[in-house]
Amino acid sequence: MRPIITAELVNGPFGDPALYLDFRFEKRALLLDLGEVNALPAKKLLRLTDVFVTHAHMDHFAGFDRVLRICLGRDTALALYGPPGFIDKVGHRLASYTWNRIENYPNDFTLVAHELEPGGRLVAARFRSRSRFERETLPDRAASDGVLLEEQAFRVRAALLDHGIPCLGFAFEEKMHVNVWKNRLAELGLRAGPWLQELKQAVMKDLPDATRVRAWWEDGEGRHEQLLPLGELKAAALQIVPGEKLCYVTDIVYHAQNEAAVARLAAGADRLYIECVFLDQDAGHGERKGHLTAAQAGRMARAAEVKTVVPFHFSPR
Ligand SMILES: [Zn+2]
(Lines give C-alpha, C1' and ligand atoms only; values in the text may rest on other atoms or scores of the structure.)
Protein backbone atom coordinates (compact mmCIF):
# COMPACT_ATOMS: atom_id res chain seq x y z
CA MET A 1 0.00 0.00 0.00
CA ARG A 2 1.29 3.45 -0.89
CA PRO A 3 -0.14 5.89 1.68
CA ILE A 4 -1.59 9.17 0.38
CA ILE A 5 1.01 11.10 2.34
CA THR A 6 4.74 10.98 2.90
CA ALA A 7 6.00 12.09 6.32
CA GLU A 8 9.27 13.88 6.99
CA LEU A 9 10.76 15.15 10.25
CA VAL A 10 11.84 18.57 9.02
CA ASN A 11 14.76 18.86 11.46
CA GLY A 12 15.53 15.17 11.88
CA PRO A 13 15.10 13.40 15.21
CA PHE A 14 17.33 15.84 17.13
CA GLY A 15 16.11 19.28 16.00
CA ASP A 16 12.91 21.20 16.69
CA PRO A 17 9.78 19.08 16.29
CA ALA A 18 7.98 19.56 12.96
CA LEU A 19 6.55 16.69 10.93
CA TYR A 20 5.74 17.61 7.31
CA LEU A 21 2.96 15.51 5.76
CA ASP A 22 3.05 15.86 2.00
CA PHE A 23 0.15 14.60 -0.13
CA ARG A 24 1.36 12.43 -3.01
CA PHE A 25 -1.35 13.35 -5.48
CA GLU A 26 -2.04 16.99 -4.59
CA LYS A 27 -0.03 20.16 -4.12
CA ARG A 28 -0.91 20.18 -0.47
CA ALA A 29 0.74 19.53 2.88
CA LEU A 30 0.01 19.49 6.60
CA LEU A 31 2.43 20.22 9.41
CA LEU A 32 2.41 18.67 12.87
CA ASP A 33 4.21 21.08 15.21
CA LEU A 34 5.80 24.31 14.15
CA GLY A 35 9.37 24.36 15.45
CA GLU A 36 11.98 26.09 13.27
CA VAL A 37 11.15 25.38 9.63
CA ASN A 38 14.13 27.05 7.94
CA ALA A 39 14.95 23.70 6.35
CA LEU A 40 11.71 23.84 4.35
CA PRO A 41 11.87 25.78 1.06
CA ALA A 42 9.18 28.41 0.44
CA LYS A 43 7.42 26.26 -2.15
CA LYS A 44 6.88 23.54 0.45
CA LEU A 45 5.59 26.04 3.02
CA LEU A 46 3.17 27.45 0.44
CA ARG A 47 1.60 23.99 0.13
CA LEU A 48 0.53 24.04 3.78
CA THR A 49 -3.20 24.24 4.39
CA ASP A 50 -3.35 23.17 8.04
CA VAL A 51 -0.81 23.35 10.85
CA PHE A 52 -1.33 21.46 14.11
CA VAL A 53 0.60 22.64 17.16
CA THR A 54 0.95 20.42 20.25
CA HIS A 55 1.71 23.35 22.59
CA ALA A 56 3.39 26.73 22.46
CA HIS A 57 6.80 25.96 23.98
CA MET A 58 9.28 27.74 21.76
CA ASP A 59 10.76 24.65 20.09
CA HIS A 60 7.24 23.75 18.87
CA PHE A 61 6.07 27.18 17.75
CA ALA A 62 9.14 29.22 16.74
CA GLY A 63 8.51 28.55 13.05
CA PHE A 64 5.33 30.64 13.07
CA ASP A 65 7.02 33.80 11.77
CA ARG A 66 8.60 32.11 8.76
CA VAL A 67 5.33 30.49 7.75
CA LEU A 68 3.46 33.78 8.19
CA ARG A 69 6.00 35.77 6.21
CA ILE A 70 6.00 33.36 3.29
CA CYS A 71 2.21 33.02 3.23
CA LEU A 72 1.47 36.77 3.48
CA GLY A 73 1.28 37.15 -0.28
CA ARG A 74 -1.10 34.30 -0.88
CA ASP A 75 -4.85 34.45 -1.11
CA THR A 76 -5.91 31.24 0.53
CA ALA A 77 -6.46 30.71 4.22
CA LEU A 78 -4.13 28.83 6.53
CA ALA A 79 -5.72 26.95 9.43
CA LEU A 80 -3.90 26.52 12.74
CA TYR A 81 -4.93 24.20 15.56
CA GLY A 82 -3.62 24.13 19.12
CA PRO A 83 -4.37 23.51 22.80
CA PRO A 84 -6.42 25.75 25.13
CA GLY A 85 -5.14 29.35 25.08
CA PHE A 86 -3.69 28.94 21.58
CA ILE A 87 -5.80 31.60 19.83
CA ASP A 88 -4.53 34.28 22.22
CA LYS A 89 -0.96 33.22 21.49
CA VAL A 90 -1.51 33.46 17.73
CA GLY A 91 -3.13 36.87 18.27
CA HIS A 92 -0.16 38.06 20.34
CA ARG A 93 2.35 36.94 17.74
CA LEU A 94 0.45 38.82 15.03
CA ALA A 95 -0.02 41.89 17.23
CA SER A 96 3.72 42.14 17.83
CA TYR A 97 4.22 43.47 14.26
CA THR A 98 3.13 46.76 12.70
CA TRP A 99 0.73 46.22 9.81
CA ASN A 100 0.03 49.73 8.49
CA ARG A 101 1.20 48.81 4.96
CA ILE A 102 -0.64 45.52 4.70
CA GLU A 103 -3.72 47.02 3.01
CA ASN A 104 -1.53 47.69 -0.02
CA TYR A 105 -1.17 43.98 -0.65
CA PRO A 106 -3.43 42.89 -3.50
CA ASN A 107 -4.48 39.72 -1.66
CA ASP A 108 -6.23 38.98 1.60
CA PHE A 109 -4.31 36.38 3.55
CA THR A 110 -6.38 34.78 6.30
CA LEU A 111 -5.31 32.79 9.32
CA VAL A 112 -7.97 30.76 11.08
CA ALA A 113 -6.83 29.68 14.54
CA HIS A 114 -8.59 26.94 16.51
CA GLU A 115 -8.14 25.72 20.06
CA LEU A 116 -9.46 22.50 21.52
CA GLU A 117 -11.08 23.04 24.90
CA PRO A 118 -11.04 20.35 27.61
CA GLY A 119 -14.82 19.86 27.20
CA GLY A 120 -14.34 18.99 23.51
CA ARG A 121 -15.43 22.33 21.98
CA LEU A 122 -13.35 23.65 19.12
CA VAL A 123 -13.17 27.44 19.46
CA ALA A 124 -12.12 29.44 16.40
CA ALA A 125 -11.06 32.95 15.42
CA ARG A 126 -10.06 34.56 12.14
CA PHE A 127 -7.24 37.02 11.49
CA ARG A 128 -7.31 38.70 8.05
CA SER A 129 -4.48 40.72 6.59
CA ARG A 130 -7.04 43.19 5.13
CA SER A 131 -8.13 44.10 8.64
CA ARG A 132 -4.55 44.18 9.97
CA PHE A 133 -5.01 40.83 11.65
CA GLU A 134 -7.64 42.05 14.10
CA ARG A 135 -9.19 39.06 15.83
CA GLU A 136 -12.68 38.11 14.61
CA THR A 137 -14.55 35.49 16.61
CA LEU A 138 -15.97 32.59 14.61
CA PRO A 139 -18.69 30.18 15.76
CA ASP A 140 -17.33 27.27 17.78
CA ARG A 141 -18.33 23.67 17.26
CA ALA A 142 -18.10 20.29 18.95
CA ALA A 143 -14.98 18.31 18.05
CA SER A 144 -16.58 14.91 18.56
CA ASP A 145 -13.99 12.23 19.34
CA GLY A 146 -11.38 14.97 19.10
CA VAL A 147 -11.81 15.33 15.32
CA LEU A 148 -10.28 18.67 14.32
CA LEU A 149 -10.45 18.27 10.55
CA GLU A 150 -12.67 15.92 8.57
CA GLU A 151 -12.35 15.57 4.81
CA GLN A 152 -13.42 13.06 2.24
CA ALA A 153 -10.14 11.16 2.21
CA PHE A 154 -8.84 11.65 5.75
CA ARG A 155 -9.38 13.11 9.19
CA VAL A 156 -7.10 14.57 11.84
CA ARG A 157 -7.95 13.82 15.43
CA ALA A 158 -6.44 15.22 18.62
CA ALA A 159 -6.20 14.10 22.23
CA LEU A 160 -5.64 16.48 25.10
CA LEU A 161 -2.57 15.26 27.01
CA ASP A 162 -0.64 16.44 30.06
CA HIS A 163 2.82 18.07 29.82
CA GLY A 164 2.42 20.01 33.07
CA ILE A 165 0.41 22.21 30.69
CA PRO A 166 -2.24 21.01 28.20
CA CYS A 167 -0.60 19.52 25.12
CA LEU A 168 -2.21 17.91 22.06
CA GLY A 169 -1.33 14.58 20.46
CA PHE A 170 -2.45 14.04 16.85
CA ALA A 171 -3.63 11.19 14.63
CA PHE A 172 -3.80 11.45 10.84
CA GLU A 173 -6.23 8.81 9.57
CA GLU A 174 -6.62 8.01 5.90
CA LYS A 175 -10.21 6.75 5.66
CA MET A 176 -9.68 4.04 3.07
CA HIS A 177 -7.01 3.18 0.62
CA VAL A 178 -7.74 2.21 -2.98
CA ASN A 179 -5.14 0.07 -4.73
CA VAL A 180 -5.21 -0.34 -8.49
CA TRP A 181 -4.10 -3.62 -10.07
CA LYS A 182 -2.34 -2.34 -13.19
CA ASN A 183 -2.12 -5.83 -14.73
CA ARG A 184 -5.89 -6.24 -14.43
CA LEU A 185 -6.40 -2.82 -16.00
CA ALA A 186 -4.33 -4.08 -18.91
CA GLU A 187 -6.55 -7.16 -19.15
CA LEU A 188 -9.51 -4.79 -19.56
CA GLY A 189 -7.60 -3.06 -22.36
CA LEU A 190 -7.05 0.03 -20.22
CA ARG A 191 -3.95 2.02 -19.38
CA ALA A 192 -3.03 4.02 -16.28
CA GLY A 193 -3.35 7.80 -16.35
CA PRO A 194 -4.61 10.76 -14.36
CA TRP A 195 -8.12 9.32 -14.63
CA LEU A 196 -7.19 6.81 -11.91
CA GLN A 197 -7.28 9.65 -9.37
CA GLU A 198 -10.84 10.45 -10.47
CA LEU A 199 -11.69 6.76 -10.17
CA LYS A 200 -10.35 6.67 -6.60
CA GLN A 201 -12.31 9.82 -5.76
CA ALA A 202 -15.48 8.18 -7.07
CA VAL A 203 -14.89 5.20 -4.78
CA MET A 204 -14.23 7.43 -1.76
CA LYS A 205 -17.38 9.41 -2.47
CA ASP A 206 -19.19 6.07 -2.48
CA LEU A 207 -20.85 6.85 -5.83
CA PRO A 208 -23.29 4.21 -7.17
CA ASP A 209 -21.85 1.28 -9.13
CA ALA A 210 -23.72 2.41 -12.25
CA THR A 211 -21.76 5.70 -12.34
CA ARG A 212 -19.90 6.03 -15.64
CA VAL A 213 -16.18 6.59 -15.26
CA ARG A 214 -14.21 8.05 -18.14
CA ALA A 215 -10.96 6.15 -18.64
CA TRP A 216 -8.53 7.96 -20.91
CA TRP A 217 -4.86 8.03 -21.75
CA GLU A 218 -2.55 9.13 -24.50
CA ASP A 219 0.12 7.21 -26.34
CA GLY A 220 1.91 7.27 -29.70
CA GLU A 221 -1.38 6.56 -31.45
CA GLY A 222 -3.14 9.52 -29.87
CA ARG A 223 -5.85 9.76 -27.27
CA HIS A 224 -7.91 6.79 -26.10
CA GLU A 225 -11.13 7.07 -24.19
CA GLN A 226 -13.67 4.61 -22.77
CA LEU A 227 -16.68 4.93 -20.50
CA LEU A 228 -17.08 2.13 -17.96
CA PRO A 229 -19.38 1.55 -14.99
CA LEU A 230 -17.70 2.18 -11.65
CA GLY A 231 -18.92 -1.18 -10.31
CA GLU A 232 -17.17 -3.08 -13.09
CA LEU A 233 -13.86 -1.30 -12.53
CA LYS A 234 -14.14 -1.83 -8.78
CA ALA A 235 -14.73 -5.55 -9.13
CA ALA A 236 -12.10 -6.10 -11.79
CA ALA A 237 -9.20 -3.82 -10.95
CA LEU A 238 -9.47 -2.27 -7.49
CA GLN A 239 -8.64 -3.41 -4.01
CA ILE A 240 -10.09 -1.35 -1.14
CA VAL A 241 -8.21 -1.62 2.16
CA PRO A 242 -8.16 0.36 5.42
CA GLY A 243 -6.14 3.56 5.08
CA GLU A 244 -2.95 4.43 6.90
CA LYS A 245 -3.00 5.82 10.42
CA LEU A 246 -0.11 7.97 11.56
CA CYS A 247 0.19 9.37 15.09
CA TYR A 248 2.32 12.06 16.62
CA VAL A 249 2.88 12.33 20.37
CA THR A 250 5.45 14.49 22.09
CA ASP A 251 6.08 16.41 25.31
CA ILE A 252 4.03 14.46 27.81
CA VAL A 253 4.50 13.26 31.37
CA TYR A 254 4.55 9.52 31.95
CA HIS A 255 1.45 8.61 33.94
CA ALA A 256 -1.55 6.32 33.61
CA GLN A 257 -3.93 8.97 32.32
CA ASN A 258 -1.59 10.01 29.49
CA GLU A 259 -0.87 6.38 28.68
CA ALA A 260 -4.58 5.59 28.38
CA ALA A 261 -5.21 8.68 26.23
CA VAL A 262 -2.29 7.82 23.91
CA ALA A 263 -3.48 4.20 23.68
CA ARG A 264 -6.90 5.44 22.52
CA LEU A 265 -5.50 8.00 20.07
CA ALA A 266 -2.85 5.73 18.56
CA ALA A 267 -4.71 2.39 18.76
CA GLY A 268 -3.48 0.16 15.94
CA ALA A 269 -1.57 2.99 14.21
CA ASP A 270 0.74 2.06 11.34
CA ARG A 271 3.29 4.62 12.49
CA LEU A 272 3.70 6.38 15.83
CA TYR A 273 6.10 9.32 16.04
CA ILE A 274 6.82 9.56 19.75
CA GLU A 275 9.31 11.59 21.74
CA CYS A 276 12.22 9.81 23.41
CA VAL A 277 13.73 12.79 25.12
CA PHE A 278 15.71 11.02 27.82
CA LEU A 279 17.38 7.69 28.39
CA ASP A 280 16.05 5.57 31.20
CA GLN A 281 18.77 6.56 33.68
CA ASP A 282 17.48 10.13 33.29
CA ALA A 283 13.91 9.17 34.21
CA GLY A 284 13.85 11.58 37.17
CA HIS A 285 14.93 14.39 34.88
CA GLY A 286 12.24 13.45 32.35
CA GLU A 287 9.56 13.49 35.00
CA ARG A 288 10.58 16.93 36.26
CA LYS A 289 10.54 18.33 32.73
CA GLY A 290 7.34 16.54 31.69
CA HIS A 291 8.92 14.32 29.02
CA LEU A 292 9.10 10.60 28.23
CA THR A 293 12.16 8.40 28.39
CA ALA A 294 12.83 5.88 25.63
CA ALA A 295 11.51 2.97 27.72
CA GLN A 296 8.34 4.86 28.67
CA ALA A 297 7.71 5.74 25.02
CA GLY A 298 8.18 2.06 24.14
CA ARG A 299 5.67 1.01 26.79
CA MET A 300 3.13 3.49 25.42
CA ALA A 301 3.66 2.26 21.87
CA ARG A 302 3.10 -1.35 22.98
CA ALA A 303 -0.05 -0.41 24.92
CA ALA A 304 -1.41 1.21 21.73
CA GLU A 305 -0.36 -1.83 19.64
CA VAL A 306 1.21 0.32 16.95
CA LYS A 307 3.02 -1.32 14.05
CA THR A 308 6.03 0.97 13.67
CA VAL A 309 7.57 3.38 16.17
CA VAL A 310 9.58 6.38 15.03
CA PRO A 311 11.39 7.90 18.01
CA PHE A 312 12.31 11.60 17.86
CA HIS A 313 12.89 14.74 19.95
CA PHE A 314 16.03 13.30 21.54
CA SER A 315 17.61 15.47 24.19
CA PRO A 316 21.12 16.66 23.31
CA ARG A 317 22.07 15.76 26.92
ZN1 LIG B 1 7.28 21.30 25.78
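Buried here means under 20% relative accessible area. The model shown in these close-ups is predicted.

**View 1. The buried residues of helix 4.** Helix 4 spans residues 86–95, and its buried residues are Phe86, Ile87, Val90, Gly91 and Leu94. Seen down the helix axis, these buried residues fall within an arc of 140 degrees, so they line one face of helix 4. An α-helix has 3.6 residues a turn, so residues three or four places apart point the same way. On the other side of helix 4, His92 and Ala95 are exposed. The buried residues pack against helix 2 (58–61) and helix 3 (64–71). They also pack against strand 5 (77–82), strand 6 (110–116), strand 7 (121–128) and strand 8 (135–142).

**View 2. The zinc site.** Four protein donors hold positions 2.2 to 2.3 Å from the zinc ion: His55 (NE2), His57 (ND1), His163 (NE2) and Asp251 (OD). The angles subtended by the 4 donor atoms run from 89 to 173 degrees, which makes the arrangement irregular. In sequence, the donor residues follow the spacing H-x1-H-x105-H-x87-D. Histidine 163 lies in the loop between strand 10 (154–162) and strand 11 (166–174), and aspartate 251 in the loop between strand 16 (245–249) and helix 8 (256–266), so the pair ties together parts that are 88 residues apart in sequence. Histidine 163 and aspartate 251 are both buried.

View 3. Strand 2 (residues 19–23) and strand 3 (residues 29–32) form a hairpin with 5 residues between them. The two run antiparallel and are joined by 4 bridges. Tyrosine 20 has leucine 31 of strand 3 as its bridge partner. Strand 3 also pairs with strand 4 (residues 48–52), here in the parallel sense, over 4 bridges. In that pairing, leucine 31 has valine 51 of strand 4 as its bridge partner. In a regular strand the side chains alternate between the two faces of the sheet. Along strand 3, Ala29 and Leu31 point one way and Leu30 and Leu32 the other way; all are buried.

View 4. Valine 147 has arginine 157 of strand 10 as its bridge partner.

Definitions and conventions
Residues are numbered from 1 along each chain as its sequence is written. This is a predicted model: local features need pLDDT of at least 70, side-chain atom pairs count only at pLDDT 80 or more; totals for chains, interfaces and linings use all residues. Side-chain values use heavy atoms; hydrogens and water are left out. Donors are N, O and S atoms within 2.8 Å of the metal (3.2 Å for Na, K and Ca); water is not among the atoms, so sites may look incomplete. Four donors count as tetrahedral if all angles lie between 85 and 135 degrees; four count as square planar and six as octahedral if opposite donors are over 155 degrees apart and all others between 65 and 115; anything else is irregular. Buried means under 20% relative accessible area, exposed over 50%, partly exposed in between (1.4 Å probe, protein chains only). Two strands pair if DSSP finds at least two bridges between them. The arc is that of the directions from the helix axis to the C-beta atoms. Contact means heavy atoms within 4.5 Å.
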